[in-house]
Amino acid sequence: MYRTFTFFVLMAISGLLSAQNTVYATETFRDTRIISGQSVETSIQGQAKFIISHRFGDIYEQNPFSLLYNFFGFNGGANMRIGLDYGITNWLTVGAGRSNLARTYDGFVKVKLLKQSTGDKNMPITLTLYSDISVITDTSDELLDPYFTGGIGFANQLLIARKFSDGFSLQLMPTHVHRNLVDLNSDPNDIFAVGIATKVRVAKNIDLTGEYFYTLPDQLPVGYDNCLSIGADFITKGHVFQLQFSNSPYLIPEHYIGKTQGSIYETVNGKPEFNIRFGFNITRTFKVAGRPYE
Amino acid sequence: MKFAFGLKMDTLTIKMKKTPLIAAGMLCIAFFFNSCYYDSKEELFGTTACDTVDVTYATTILPILETSCLECHSEANAGVLGGSQILEGYDFLMDYVVAGDANASSFYNTVAWVSGYVEMPQGSDQLSDCKIAKIRAWINAGALNN
């Protein structure tokens with residue numbers, strides 16, 4: 001009896017103490033990816049995360065019968081990225097991946113600099129720095145082929161997010177993209193863009209997400225467009241399943257900013273045209289270090 | 001903990017636990033200071049002028065097919081990889097070409113990624129604008145077996 005009493009007293013004290021301490025916002029976004037882009041979240045220390053991203057071909061067909069024939073872009077040629085992230089600490093994640101479009105390898109570092117919190121420490125936002133390097137190894141472009149560094153591109157992103165409530169988060173993403181080799185002298189090697197992303201909870205285990213990257217004016221050559229995506233996160237046991245629609249087949253920043261062609265809806269020669277691709281991300285985490293699973 | 005040459009770990013000021021952090025830090029620095037170029041194809045390889053006049057089946061179209069199409073659309077592989085659509089050999093290719101009219105040729109429309117057609121080559125970047133222009137020129141000139 002005495003022991004139970006002591007236990008409850010200790011619990012009450014610890015509860016009082018923690019009330020005075022800092023409360024950090026968790027799950028600003030459900031996963032380290034929002035749709036194509038990264039969220040402020042980083043991997044947990046010692047956890048490896050295996051990510052498969054997939055973007056199918058164009059859904060839209062002029063001939064309605066082709067819709068089923070190509071099964072809504074399923075037969076239209078897909079871009080896939082297989083990646084592995086690893087959390088060195090709770091605030092530092094490194095990762096690498098390979099996309100099949102243009103045979104691209106990429107590696108990145110993600111550093112969480114600020115954590116949104118209330119209480120003793122009051123911080124209105126979460127701030128994460130994302131930086132990556134990628135190299136295109138496609139040999140079908142004969143101009144790029146003898147010139148390895150031409151395929152290299154970089155992206156630097158500041159991810160600024162705030163979780164307003166359990167149901168709503170907003171993220172701003174000022175982005176700098178550099179590509180070593182562009183087509184024409186008039187095309188910029190450096191592109192600056194601002195991305196905005198959001199998460200809205202609609203059901204206990206379903207979140208709606210949206211993402212748009214606005215390239216600052218006078219940077220994109222004619223025929224290139226901004227990347228707009230909408231999606232849904234399904235929280236299942238053990239992983240997050242993200243379904244999405246986007247006008248871009250690309251999955252890394254230096255490609256979906258600056259290489260995306262065709263906006264979601266446009267008119268070509270007076271005829272309406274849609275550029276919508278279906279896609280998904282599946283993530284699976286593995287504990288590499290730390291305590292075993294219980 | 002000892003290294004192979006007997007140096008004690010304690011003598012190093014860097015603790016073993018921090019080495020992954022330092023490695024990651026160096027990786028970060030490598031990212032930022034990695035050689036960064038400001039090149040354009042126009043500057044390096046001259047004006048990317050595209051010769052669409054001297055275009056023949058043997059010297060222009062066949063090499064494009066061999067590098068970008070026949071991996072899947074050869075007679076041997078088409079059944080499994082290429083949806084049974086064979087582009088190997090002039091006669092098979094002409095099943096997808098309307099001589100003299102590129103816009104009516106599915107061969108042109110698929111490689112030009114015309115909306116409503118499957119984008120070829122599947123799972124790769126689009127052919128270069130010059131290659132597409134050459135295919136167009138060859139078809140519009142009558143798609144001759146020359």
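Buried residues make up 21% of the 146 residues in chain B, where buried means that 20 or more other C-beta atoms, placed from the backbone, lie within 10 Å of a residue's own, exposed means 12 or fewer, and partly exposed is in between. Keep in mind that this is a predicted model, in which local features need pLDDT of at least 70 and side-chain atom pairs count only at pLDDT 80 or more, while totals for chains, interfaces and linings use all residues. Residues are numbered from 1 along each chain as its sequence is written, and chains are lettered from A and ligands numbered from 1 in the order in which they are written.

**Chain B**

Chain B has seven helices and one strand, in the order α-β-α-α-α-α-α-α from the N terminus. Helices here are DSSP runs of H or I with at least four residues, strands are runs of E with at least two, and both are numbered from the N terminus. Among the chain B contacts between residues at least 6 apart in sequence, 47% join residues at least 24 apart; a contact needs C-beta atoms, placed from the backbone, within 7 Å.

Which residues of α7(B) are buried? They are B:K131, B:K134, B:I135, B:W138 and B:I139. These residues cover an arc of only 130° around the axis, which puts them on the same side of α7(B); the arc is taken from the directions from the helix axis to the C-beta atoms. An α-helix has 3.6 residues a turn, so residues three or four places apart point the same way. The buried residues of α7(B) pack against α3 and α6 (106-111) of chain B. Just after α7(B), B:G142 takes a positive phi of about 110°.

Of its 21 residues, B:Y108, B:V111, B:I135, B:W138 and B:I139 touch the most other members. Leaving out residues up to four places away in sequence, B:V111 touches B:M120, B:L127, B:I132 and B:I135. Apart from this core lies another, of 18 residues, among them A:F154, A:A155, A:L228 and A:I264.

B:M120 is also one end of a cis peptide bond, to B:P121, with omega about -5°. B:P121 sits in the loop between α6 and α7 of chain B.

**Where the chains meet**

The contact takes 28 residues from chain B and 37 from chain A. On the chain B side, α1 (19-33), β1 (39-40), α2 (41-45) and α3 (57-68) each supply at least two residues, and the largest share, six residues, comes from α1(B). That side divides into eleven nonpolar, eleven polar and six charged residues, with Ala, Val, Leu, Ile, Met, Phe, Trp, Tyr, Cys and Pro counted as nonpolar, Asp, Glu, Lys and Arg as charged, and the others, Gly among them, as polar.

**Strand pairs**

The table lists pairs of strands, which need at least two DSSP bridges between them.

| Strands | Bridges | Direction | One bridge pair |
|---|---|---|---|
| β10(A) (181-182) and β1(B) | two | parallel | A:L181 and B:D39 |
| β11(A) (190-203) and β12(A) | ten | antiparallel | A:A197 and A:E211 |
| β12(A) and β13(A) | eight | antiparallel | A:G210 and A:I230 |

A hairpin joins β11(A) to β12(A) through two residues. β12(A) has a covered face of A:D207, A:T209, A:E211, A:F213 and A:T215, and an uncovered one of A:I206, A:L208, A:G210, A:Y212 and A:Y214. In a regular strand the side chains alternate between the two faces of the sheet.

**Positive phi in chain A**

A:D218, in the loop between β12 (206-215) and β13 (227-236) of chain A, has a positive phi of about 60° although it is not a glycine. A:D218 is exposed, with 6 other C-beta atoms within 10 Å. A:F72 is not a glycine either, yet has a positive phi of about 55°. A:F72 lies in the loop between α2 (64-69) and β3 (79-89) of chain A, and with 17 C-beta neighbours inside 10 Å, A:F72 counts as partly exposed.

How values were computed: Two residues are in contact if their C-beta atoms, placed from the backbone, lie within 7 Å. A nonpolar core is a set of buried Ala, Val, Leu, Ile, Met, Phe, Trp, Tyr and Cys residues joined through C-beta atoms within 7 Å.
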